[in-house]
Amino acid sequence: MSASPTLIGLQGAAVLTIIGRKPDGNPLSDGTEIRLSTTLGTLPGIVRTDSSGQAIAVLAADGRTGAATVTATTGSGGEGAVEATTMVQVGQTPESRPSLLLSVNPVIVPVEGEANVTVIARSADGSPVPMGQTVILTSTLGTLFPSNPETTSDGTATAILNAGTQAGMATIQAVLGSSDVAMTMLTIRDAAADLSLQPNPTSIPRAGGDIVMVATVLNSQGQPLQGVAVTWRSNSGVFSTTGAVVTNNFGVATTTLTVTEAGLQILLDMGVTDVIVDASTPRADGDDESDRSRIPII
């Protein structure tokens, strides 16, 4: 069993790593119970190994100072049980604890997008913290991988935040041992997952006329998506709007296509019997979500 870091503040935390092996050298069975106890601080009473024989726990300081002796025991602790111990020193003055600088890039991502999270950790004297120190990262939205990155030789630790499917403002926090909490924000913007296009009327006479085009945009949860730009294209006529149209709070963007008798005759002379309208809006992956309507010329 090992702890990182081995020196934490009165409100700090350390990550405990327990690695178990059978007598033949193979990892402990997946799901093996490891019982934990400590003389200072708090931690879960039981953790279970994964398929590699490893279990992770977090020791949280409880305001008391001193040397915390952490003990890990296999099974119920009876005959044949195996123990391991490690020490974590709890208590640092503000003048001696490390400091963190936390950043995220980019600061705005779409749902299901990714951002790079970087932690720069410095000792009290300004030098990089030692290599292999564990930073505890959390986020109110999305998923961090890894959630407990380790510092490199220059005192930096990095992770990737996957935004997931929920839009909003993500608060990312970082702690290393007894450091103060470092915090930064990430904006996760919703993105289109479906676009449907409806013309009115659904056919156009040879004399021409107006066609109202209604585009409805939904997000990945099937909810109306407000504030996204819908662009339009047609093989004939002129749109009443210039450029893109932004969806309203019902996820709807509307424009009117005016086609003339002369324009429709050009299509018919080419053997084209439909007015074709395309609408599109960006998806989270950078491609377009689109739909097409064919309005017969009658």
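Is Arg283 buried, partly exposed or exposed, by its relative accessibility? Arg283 counts as partly exposed, because its relative accessibility is 27%, where buried means under 20% relative accessible area, exposed over 50% and partly exposed in between (1.4 Å probe, protein chains only).

1. Basis of the notes. This is a predicted model, in which local features need pLDDT of at least 70 and side-chain atom pairs count only at pLDDT 80 or more, while totals for chains, interfaces and linings use all residues. Residues are numbered from 1 along each chain as its sequence is written, and side-chain values use heavy atoms, with hydrogens and water left out.

2. Salt bridges. The structure holds 6 salt bridges, a salt bridge being a side-chain nitrogen of Lys or Arg within 4 Å of a carboxyl oxygen of Asp or Glu. One of them joins the side chains of Arg283 and Asp287 at 3.6 Å, N to O, and Asp287, with 44% relative accessibility, counts as partly exposed.

3. Arg35 is partly exposed at 34% relative accessibility, and Glu33 is partly exposed at 29%.

4. The largest nonpolar core. A nonpolar core is a set of buried Ala, Val, Leu, Ile, Met, Phe, Trp, Tyr and Cys residues joined through side-chain atoms within 4.5 Å. The largest has 26 residues, of which Leu102, Val117, Val119, Leu137, Leu186 and Ile188 touch the most other members. Strands β9 (99-105), β11 (114-122), β14 (156-162), β15 and β16 (182-189) each supply at least two residues of this core, and β11 gives the most, with 4 residues.

5. Leu186 and a second core. Leaving aside residues up to four places away in sequence, the contacts of Leu186 (heavy atoms within 4.5 Å) include Val104, Ala115, Leu161, Met169 and Ile172. A second, separate core of 25 residues includes Ile204, Ile211, Val275 and Val277.

6. Met169. Met169 sits in strand β15 (residues 168-175) and is partly exposed, with a relative accessible area of 45%.
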